[in-house]
Amino acid sequence: MQGVLTGFAVIAVVIAVGYVLGVRGHLGPQGREVLTKLAFHVASPALLFTTLATADLSVVFSGRLLVTALSTAAVAGVFVAVGVVRRWGAGRTTIGALCSGYVNSGNLGIPIAVYVLGDASLVAPVLLFQLVLVTPVAVTILDLSGGGGKGPLWRRLLTPVRNPIAVGSLAGVAVAASGLRVPAPVMDPLTLIGNMSVPAVLLAFGIGLCGSTMPLRGVERRPVLLAVALKTVGQPAVAWALAAGVFGLRGAQLLDVVVTSALPAAQNLYTYASTYGVGERLARDAILVSTVVSVPVLVGVAAVLG
């Protein structure tokens, strides 16, 4: 339980610093945009590459990963179905689907895995699944539904290999699969640059809160409520049902998959929304509200299954 509170406290402090920077205007009117572009085009690809290049890809075939994949697909599918019926648009629906099932496995998942589950590597299957499969697919859809879908066919087909997030992820997987060891003079600078990713995302998120209206208001109220409900209640419930009822997981293994599924929406989703100029309010509110709501959910899961 202490790990849950510690993880949220760290995130809250950095977001608060970003909010203060926005209020005082220390980074100027373009501060949020610069941080967002820095994270998307430079820091995040470096972080994804260094993380995946040294990862054990055998975790991809674990039963826990299958639970994660199925629960993510289930809640994202519900949001997509509603988005199609309500005609929310491809880009906006994609952002909402991500907010419904893309968990904060990095900057929040790691400390919670350490303090609650006792092993940081337990978030690796979720992290790999999201980085290798979900992120490239999502950013490709965002590319094709926006400006990236208006070029010639060959350019559209090459969308996944032109996106910096996808390139960083796939390059890291390629290195890990080949068994090559990246030389320190190459890996160390990339690691240093990648370390900027999480702080940049959180600071940009905090700056984005300045002057904005309260969440759960306006035209995004229903999509936000749906995304938050699916993320904080639907995904952990589906994960529990699959893990316990289908895969027969018990004890610590059951706790692992339910806790990771109950994590809130990841802050980097706001970066994607800002970069593509679609669903920014939806992403911001869904991340904020799901982060707040997930605190009692995670505490309850840890108390019941721990």
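Asp285 is buried, with a relative accessible area of 1%. Buried here means under 20% relative accessible area, exposed means over 50%, and partly exposed lies in between, using a 1.4 Å probe and protein chains only. Arg284 is also buried, at 5% relative accessibility.

The model is predicted, so local features need pLDDT of at least 70 and side-chain atom pairs count only at pLDDT 80 or more, while totals for chains, interfaces and linings use all residues. Residues are numbered from 1 along each chain as its sequence is written, and side-chain values use heavy atoms, with hydrogens and water left out.

The side chains of Asp285 and Arg284 meet in a salt bridge, 2.6 Å from N to O. Salt bridges that share partners join Arg281, Arg284 and Asp285 into one network. The term has a cut-off: a side-chain nitrogen of Lys or Arg lies within 4 Å of a carboxyl oxygen of Asp or Glu. Side chains of opposite charge can pair when their charged atoms come close.

How many salt bridges does the structure hold? There are six. One of them pairs Glu280 with Arg32, at 3.8 Å from N to O. Glu280 lies in helix α15, residues 280-305, and Arg32 lies in helix α2, residues 31-53, so this pair ties together parts that are 248 residues apart in sequence. Helices are DSSP runs of H or I with at least four residues, strands are runs of E with at least two, and both are numbered from the N terminus. Glu280 is partly exposed, at 28% relative accessibility. Arg32 is partly exposed too, with a relative accessible area of 25%.

Stay with helix α2 for another pair. Glu33 forms a salt bridge with Lys37, and their closest N and O atoms are 3.0 Å apart. What separates Glu33 and Lys37 along the helix? They are four residues apart in helix α2, so about one helical turn lies between them. Glu33 is partly exposed, with a relative accessible area of 35%. Lys37 counts as partly exposed as well, at 46%.

Now look at a loop. Arg87 sits between α3 (63-86) and α4 (90-101). Is Arg87 buried or exposed? Arg87 is exposed, with a relative accessible area of 77%. Its backbone also deserves a look. Arg87 has a positive phi of about 60 degrees, although it is not a glycine.
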